[in-house]
Every structure is written in structure tokens, then in C-alpha cells.
Amino acid sequence: GLAFHPTTGALLVLDLGRSQVLNVDPSSGMATIFATMPAGSGLNALTLDKAGNVYVSDSFNGIIWRVAPGGGTPQAWVTDPLLKTSGVPGFGANGLEFNKAGNALFVANTGDDSVIRIPVANGTPGTPEPFVYSINGADGLAIDDDDNIWVAANQSDEIVVIDKTGKVIAKLGDFDGID
């Protein structure tokens with residue numbers, strides 16, 4: 001996972017092997033530690049809210065970590081069984097993005113083929129709830145200007161587009177045969 005920090009312009013990069021979020025200067029390539037997660041964390045994707053807080057999915061432990069805008073010690077922001085998996089592959093919480101209003105965080109659960117919705121009020125998470133099932137290997141997420149959720153479905157080699165009500169409105173390509 002990687003993303004540009006909205007206030008500092010630094011490139012934040014996940015280092016799974018070291019359980020760290022790195023702060024990379026895009027000009028020099030020099031990296032410093034932004035945050036160190038607990039050992040055994042399955043860091044997978046990251047996103048930021050409008051205030052610059054950093055959210056990191058932990059695919060192994062079913063946790064969404066939150067780190068303050070300036071970095072430092074991560075806090076378990078959400079821990080929930082819906083963010084874990086009993087499926088294959090053995091990755092739970094994966095891609096994550098906020099909707100345009102910032103009042104919901106959507107999280108792909110790769111092994112359970114689902115997208116989970118976490119309501120958010122004033123920076124505080126509500127109870128996670130299933131939003132969509134049956135997306136074969138739900139992986140990375142992107143949200144467009146109309147709040148449609150674009151999901152990379154890695155097991156079926158397609159992009160699935162979901163509207164803000166949870167209805168699948170498009171499936172794009174089988175990307176297996178690309179040259």
C-alpha cells in the first residue's frame with residue numbers, strides 16, 4: 001500500500017516485512033519511519049481521512065489501525081470478525097477507502113469475497129456491517145466522484161463496480177489474457 005500524505009506531500013509506504021509505515025521523501029527517496037505496527041501485523045493497504053489520519057488494514061489480524069497525521073504509535077481503530085477471514089486466500093481486511101463524505105470506510109475482505117462498510121461519525125467508527133458479498137477475491141478499492149466503489153477482484157481477474165446502495169452496476173473485463 002502507498003498514498004501521498006495530503007498535508008506533508010510525503011509518500012507513505014507500507015513495509016510488511018518490518019511491520020512499518022515509511023515516510024518517503026518523493027524528491028530524495030530518503031525514508032523515515034512514520035509508524036511501527038505490532039509484530040505479526042499483516043499490513044496491506046492504507047488510506048487517509050480529510051484530517052490526515054492514516055488508516056492501515058491488517059489482513060492477518062482483522063484490524064484497521066489508525067495513526068495520527070504526524071505519525072507515531074498506531075491505535076487499533078476497529079477490530080471485528082468481519083475483517084478476518086476463514087476463506088482462501090487467507091487474507092482478511094485488504095483495500096480500504098472512505099466515501100466522499102467521509103462518513104463510511106469501505107474495506108475489502110479478500111478471503112471472504114466481501115466488502116465491509118464501517119460507518120464513521122466525527123472520526124469514531126461504528127459497527128462494521130456487510131455491504132456486498134460474492135466478489136471473488138475482493139482486493140483493492142477506489143471510490144469515484146459519484147461514490148461508486150471500484151473493486152479489484154483478484155480471483156476472477158475483473159473490476160467490479162458497486163453503486164452507493166451496494167448494487168453491482170458493472171463488471172469489467174477478464175484481464176487474464178492481456179499482452
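The model is predicted, so local features need pLDDT of at least 70 and side-chain atom pairs count only at pLDDT 80 or more, while totals for chains, interfaces and linings use all residues. Residues are numbered from 1 along each chain as its sequence is written, and side-chain values use heavy atoms, leaving out hydrogens and water.

Val56 sits in strand E6 (residues 54-58); strands here are DSSP runs of at least two residues, numbered from the N terminus. With 0% relative accessibility, Val56 counts as buried, a label for anything under 20% relative accessible area with a 1.4 Å probe, protein chains only. Leaving aside residues up to four places away in sequence, Val56 touches Leu14, Val21, Met37, Leu43, Ala45, Leu46, Ile63, Ile64 and Trp65, where contact means heavy atoms within 4.5 Å.

On the aromatic side, the count comes to 4 pairs; rings of Phe, Tyr and Trp (its six-membered ring) pair if their centres lie within 6.5 Å, and planes over 60 degrees apart make a pair edge-to-face. Tyr55 and Trp77 form an edge-to-face pair, because their ring centres are 4.8 Å apart and their planes at 70°. Tyr55 lies in strand E6 and Trp77 in strand E8 (residues 75-79), so this pair ties together parts 22 residues apart in sequence. Tyr55 is buried at a relative accessible area of 1%, and Trp77 is buried at 12%.

Tyr55 also pairs edge-to-face with Phe98, with ring centres 5.1 Å apart and planes at 75°. Phe98 lies in strand E9 (residues 93-98), so here the parts tied together are 43 residues apart in sequence. Both Tyr55 and Phe98 are buried.

Key
Helix = DSSP H or I, 4+ residues; strand = E, 2+ residues; numbered from the N terminus. Buried < 20%, exposed > 50% of the residue type's maximum accessible area, 1.4 Å probe, protein only. Phe/Tyr/Trp six-rings, centres within 6.5 Å; stacked < 30°, edge-to-face > 60°.
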